[in-house]
Amino acid sequence: MTELHTSSLSPSGVKPCLLVNGLLRSLQGSALDALEIEQVQTVQNTISTCLALVQCSLNRRQPIHRLHPELLGEILQLALPSTGGCLCEGVWNQAAALKAQRRAIMTFMQVCGRWRAIVLEMAAFWTIVDMSSGSAWSAACLERSKEAPLSVFLQYPLDAAQYLPLATRGHRIRDFFLDIPREHRAVFPTELPTILPAVPNLECLSIVTRCYIWDSDRPALDLERRQIIFPDPLPKLTRLVLKGPCWVPDGVPYHQLTHLHISQGMPLDLLSFLAFLGRCLSLEKLVLDDISIRSFENLSDDCIPTVELPALRLLTLGVDQSSQAASYVLENIHLSSPVTLRIIGVFAIDVLKDTRLHLPFTGTFDTLVIECTGEYMAVQAAGPHSGLLIHSVGTRYHWANVRETGEALRKALDRVLPCRNIKRVTIDSSACDATMRFLPDALSPVTLRLVDRCVQPGKGAQKERLHDMSTSGVSRFLDLGLTELEAWSMNDLLSPLPPIAPGSLRKYTFYHVRVAGSEESKLERHAMVEPPSHPGVDLRFVDNASWPKLDLPGVRPPCHLYDWK
C-alpha cells in the first residue's frame, strides 16, 4: 500500500483506471484500520498527488489551454485595468489604479502554472512601473519588461530608490507621470533635471498636483515661466497633462502637441493663455477642466485675438465651478467642422446661455438626443462629421426647477443648433411630458423616439396631464412632417401615446418593456385577447435589458468623461 508512486501511471505501465480501481478496493472495508498513522498519511498524500495530476490533465483539455501562449497573453492583457499600457489619461486616482493593476497581475499568476509562466514571460504585463511602491515590485517590473517601452509613475519628492533604477532606462520611457502631494504644491522642483535621466522617446507627460481648485497657497500660474524637468529636450512628446499646476514644463515642443489637458490651476491671464494655445498648432484634442480666467474688463474686443487650431477635432470643457472661463474659450477659439465639443459639469447649460456664443460647426447636425433623469441632464447632437455633448449633473436641475431649466435650454438650443435641419429626435426621461418642453419651436423632425423611464403611469389628473402633454408635443410634429414614431415604456397602459389617425404615420411602434423579473405584464395579457386601441400601432414586448442605446457615435466618451476618446 505505501509503495504506490505516481510513476505507476506511465503509459508503459498498468492502465491508470485499473490502478485506481485496485486502490479503491484495497481501501474498502477494514484495510485502513490495520495501518499505522504514518502509513495512512502516506496514502492520503499519494491520493492527493493523483487528484492533482488528474486535475492538471483535465485543465490541459480545456479549450482555453489550447490557445497559443501569445494569444492567451493578449487576451489576459485586455482584462487589465490599464488601456494601451498607460494609466495617465483621465484617471486622477493613480494610487488606486496602480494597485488594481498590480492586483490583477497577481491574480492571473495564481490561476495555474501555465498562466503564471505566460505572465512572467510576456514583457507587456510589466511595462507600468510604480517607482513609489517599493524597490521589490518596481525592480521586478523593470527586469521582466525586458526592453519594452515603459510607463513610469513617480511621487515627488524623489528619493534615490525612485530615480536611480531609471538612470540607464530613460530611452525606454514613453509615458511619465509625476505626482506632487499637496504639501509641495507651491514648490518649483529645480533639482529634477540633475537626478532624472534623459527621455528622448517620451510621448506622454502628466504632472498632477494634489490640491484644491481654489487653493490660493500656490503661486500664480505664469505660462511664460517654464520649469526644466529633464536634462534634455523632449523631441517626441505629443501629449501633455497638467492638473493643479503653478508652473509649466520646459523643453516641450508645444508646436507639435496633439493632446493637451489643463485642469484646475491658478487663475490665468486671458491674453497669455490664448497666446499659449496659439503656439499649439497641431492640437487634435484639448481638455480644459475648471480652468480660471482673471478678469479683463479693461480689454476691448479688438485686443483679444481669435485662436485658430486647424487640426482640433475634440474640445472638452469641464465647468463644475464656473461657466465664465468656458465662455471665454468658446468666444475666442475658432471651431470649424469636423470637431466635437463636450461641455461637462454643473454649469454646462449656463455656457449655452451666453448670447454671444456662435458654433458654426453645428450647421450639418441632423440628430438630437435629450436625456433628463432628475439627477443629470444630457444633450447630444451630431451630424456626419461633428458632435456636441452638454452634460449637466447636480440638484440644480431637479424636476422642481424643470420649468426654468427647460425654458433656458430650449432658447439655447434654438440659438446654437440648426433646428430645421434636425430630422431625428429622441427624448429619454422619467417624465417625457416635462422634457418635451425642452425642444425648440423650430424643430420639425421626421423621426421621433420617446423613451419613458417612469414605472408608474400616474393616476387621475397626473395621468391626464401626461396624456395631454405627450399628445400636444407629438401632434405639433405631425403637422410638420413627422413620419416615424417610436415609444418605449414600462407602463401597463398606452395612455402616454396620443391617438394617431390611420395613415398619418409611415411607422408607429410601441415597445412595452417588462419589469425586471416578470415574465408577462398586464398589457401583454390584455393584448392577447383584445387588439390595441391605437389603430396602426406595432405593439412589441421586450425584456428589461432591451432599452435602446442612445449614445451617438463619437459624442459621448465610453469611459471617463475627460478621456481623449
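Colleague: Glu371, buried or exposed?
Modeller: Buried, because its relative accessibility is 5%, and the cut-off for buried is under 20%. Bear in mind that this is a predicted model.

Colleague: Where is Glu371 found?
Modeller: In strand β14, which covers residues 367–372.

Colleague: And what does the side chain of Glu371 make a polar contact with?
Modeller: The side chain of Gln380, at 3.2 Å.

Colleague: Which residues is Glu371 in contact with, leaving aside neighbours within four places in sequence?
Modeller: Tyr376, Met377, Ala378 and Gln380, and then Asp428, Leu550 and Arg556.

Colleague: Changing topic. How many helices and strands does the chain come to?
Modeller: There are 15 helices and 21 strands. The chain has 565 residues, and 48% of them count as buried.

Colleague: What about contacts between residues at least 6 apart in sequence?
Modeller: Of those, 70% join residues at least 24 apart.

Colleague: How many residues are in the largest nonpolar core?
Modeller: The count is 126. Leu205, Leu260, Phe273, Leu286, Ile343 and Leu368 have the most contacts inside that core.

Colleague: Nonpolar side chains in soluble globular proteins: what do they tend to do?
Modeller: They tend to be buried together.

Colleague: On to helices. At what angle do the axes of α4 and α5 cross?
Modeller: Roughly 135°, with the axes coming within 7 Å. That angle makes α4 oblique to α5. Helix α4 is residues 94–109 and α5 is residues 113–121.

Colleague: Which residues make that contact between α4 and α5?
Modeller: Ile105, Phe108 and Met109 come from α4, while α5 supplies Trp115, Arg116, Val119 and Leu120. By class, the residues of the α4 and α5 contact are 6 nonpolar, no polar and 1 charged.

Colleague: And α3 with α5, at what angle do their axes cross?
Modeller: At roughly 80°, and the axes come within 10 Å. The two helices are therefore roughly perpendicular to each other. Helix α3 is residues 69–78.

Colleague: Which residues of α3 and α5 meet?
Modeller: On the α3 side, Pro69, Leu72, Gly73 and Leu76; on the α5 side, Arg114, Trp115, Ile118 and Val119. The contact of α3 with α5 has 6 nonpolar residues, 1 polar and 1 charged.

Colleague: Now α6. Which of its residues are buried?
Modeller: Trp137, Ser138, Ala140, Cys141 and Leu142, in a helix of residues 135–144.

Colleague: What do the buried residues of α6 pack against?
Modeller: Helix α4, plus strands β1 (128–130) and β2 (150–155).

Colleague: Last one. Where is Asp159?
Modeller: In the loop between β2 and α7, the latter being 160–163. Asp159 counts as partly exposed because its relative accessible area is 40%.

Key: Residues are numbered from 1 along each chain as its sequence is written. Side-chain values use heavy atoms; hydrogens and water are left out. Helices (H or I, at least four residues) and strands (E, at least two) are DSSP runs, numbered from the N terminus. Buried means under 20% relative accessible area, exposed over 50%, partly exposed in between (1.4 Å probe, protein chains only). A polar contact is a pair of N or O atoms within 3.5 Å; within protein, one must be able to donate a hydrogen and the other to accept it, and residues adjacent in sequence count only if both atoms are side-chain atoms. Contact means heavy atoms within 4.5 Å. Axes are lines fitted to C-alpha atoms, for helices over the stretch in contact, and angles run from 0 to 180 degrees between N-to-C directions. Angles under 35 degrees count as roughly parallel, over 145 as roughly antiparallel, 65 to 115 as roughly perpendicular and the rest as oblique. Ala, Val, Leu, Ile, Met, Phe, Trp, Tyr, Cys and Pro count as nonpolar, Asp, Glu, Lys and Arg as charged, and the others, Gly among them, as polar. A nonpolar core is a set of buried Ala, Val, Leu, Ile, Met, Phe, Trp, Tyr and Cys residues joined through side-chain atoms within 4.5 Å.
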